[in-house]
Amino acid sequence: AVAANHKPTRLAFDMVKATTADTITLPKGYKWDVLVSWGDPLWSNAPTLNTATGGTGASQELAFGDNNDGMAFFNANGRYVMAINNEYVNPKTLHANREDGVPMTADDVRKNKAAHGVSIMEVAKRGGKWNVVQDSMYNRRITADTEMEITGPARGHDLVKTSADPEGVLAKGTWNNCGQGQTPWGTYLTCEENFNSYFAASDGSYKVPAELKRYGVSAKTGRYKWEMADERFDLSKEPNEPNRFGYIVEIDPMNPNARPKKRTALGRFKHENAEVTIAANGHVVVYLGDDERGEFLYRFVSKGKYQVGGDNSELLSEGTLYVAKFHENNKGEWLALTPETTGMTEADIAIHTRLAASKVGATTMDRPEWVAANPNKVEAYCCLTNNKNRGVKPNAGGDETPAVGPNPRVKNKFGQIVRWEPMNEDHTAAKFDWDLFVLAGNPAVFDDAYAGSANVNKDNMFNSPDGLKFDRNGLLWIQTDGNYSNEGDFAGQGNNQMLVADTETGEIKRFMVGPTKCEVTGAAWSADHTTMFVSIQHPGGTWPTGSTPLSSVIAISREDGEMIV
Ligand code: FEO
Ligand code: CA
Ligand code: CA
Ligand code: CA
């Protein structure tokens, strides 16, 4: 679809030009502030961040984590609480006192683990600016060491038992949490993505089993050397520990004492986000992407039904997981992952979800990132961010990845967004129709398929769509995590950016450009919709301090105080 010429646009702002400026660039009439940055204390007894050292384990445990990503805004009777993922860390700033940012001591590991996870904090608007409320009873840090209940089919299974947890019911921590979800019953979902790279094996004879290879687990030194200070990251000592990660975790942001719950019924893979919608028949539907080249798109349907005002707290512990199969004729179907279809037990499906999906012949995808469901229409969208290897080599133990269906380009440097419309306006239906909402590309460089679809032009072009969220008005916000070289195939595309689309007309306009080398990801809106919060992850110039780059959440608003767009 291309922009209709005769309708007034719903995107009533002056489009921002692509730029490589090391700042936040917004349309005329909009402004931004930093809400919170890595290292900001959530409690007044924490020391202020020492950027020369990156602080200590003790200071980090009381401070906002690093590399903020997905987030949600909660309204609790006029008090506002935000939950924000801290996906991974920037070693050179976190470990500024170590050569090349390499952790050397047990306290370095403690700090590194505490910079991961989720930051929960009360926020309030004072003098026209949103601030963190230090010492709020809601403030909480969830880290790689926080105790969490294992729920669902994998609970108590032999494969999740460890020497510290012989019952297989209590995991420690969450990390590499990328996208998120928010339930209508007021909980936060945080999504474990690249959990694999935090493990290593001290025993040279340890062989990584095929089931772990499929998830990218390797015996080599861990990403941040956690195994140096904590034996559970040593595969030769705790071979089951990786089976306890790669899940969706449900958190009650209003109860800082509540144990987070790992929802194994939603499968184990490199979770991007968890888009929750309630189907017309009351079942909870959660759409889930597995962000790896040649992996799959999933759907969870709860066994129970959502009840307004009822006890919905265990709806995500039981249900059926499905995986998407796209056919060439713009039709598709959801294939159930059950003992009958896979020959695996329910626990095995929950733990080795990728293997189950391969057994039923699901469609390999170009890295499914965020899914967004339209609040005004029964349809959903998923960013397929890019795929340089499509048709070249499958993921370890995975499937061939031909360029077909919603993944039509062999060397997919730019990415695309697929849309599906469930049959009979029912998110639990077995079948759907699909099309491509947009193929990103560069029409300034290419005049073939790599120029992108008709709704991409030299003025609004972008690459690697990743973050994706509908606002309450039904506009679709697209955030990028791509190539920011601004040259070659990406000439004229500038830094990573945020665009907004009218899904009815296909019109797409650039709303924001982020600072140097950052990724733009995660979005939430204040209760009155006059502020939009956005994550700026791993900036690489001098933003926002003028010297040390800091991952930060920004608050965007209109100068006239009206609602965003
Ligand atoms: Fe952490 Fe798939 O992005
Ligand atoms: Ca990221
Ligand atoms: Ca992402
Ligand atoms: Ca990405």
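This is a short chat about the fold of one chain.

Visitor: What kind of model is this?
Guide: It is a predicted model.

Visitor: How many helices and strands does the chain have?
Guide: Seven helices and 28 strands.

Visitor: What does the C-alpha trace span along its principal axes?
Guide: About 65 × 55 × 50 Å.

Visitor: How many of the residues count as buried?
Guide: Of the 565 residues, 55% count as buried.

Visitor: What about contacts along the sequence?
Guide: Take contacts between residues at least 6 apart in sequence. Of these, 61% join residues at least 24 apart.

Visitor: Let's switch to sheets. What is the strand order in the open sheet of nine strands?
Guide: The order runs β13-β14-β15-β16-β17-β21-β20-β19-β18. The pairing is antiparallel.

Visitor: Which strands are at the edges?
Guide: β13 (271–278) and β18 (368–373). Each pairs on one side only.

Visitor: What is the average twist?
Guide: From one strand to the next, the twist averages 30°.

Visitor: What do strands pair through, in general?
Guide: Strands of a sheet pair through backbone hydrogen bonds, in either parallel or antiparallel fashion.

Visitor: Which residue in β20 is the bridge partner of Y381?
Guide: That is R419.

Definitions and conventions:
Residues numbered from 1 in each chain as written. Chains lettered and ligands numbered in written order. Predicted model: local features only at pLDDT ≥ 70, side-chain atom pairs only at ≥ 80, totals over all residues. Helix = DSSP H or I, 4+ residues; strand = E, 2+ residues; numbered from the N terminus. Buried ≥ 20, exposed ≤ 12 C-beta atoms within 10 Å, placed from the backbone. Contact = placed C-beta atoms within 7 Å. Pairing = 2+ DSSP bridges. Axes fitted to C-alpha atoms, helices over the stretch in contact; angles between N-to-C directions.
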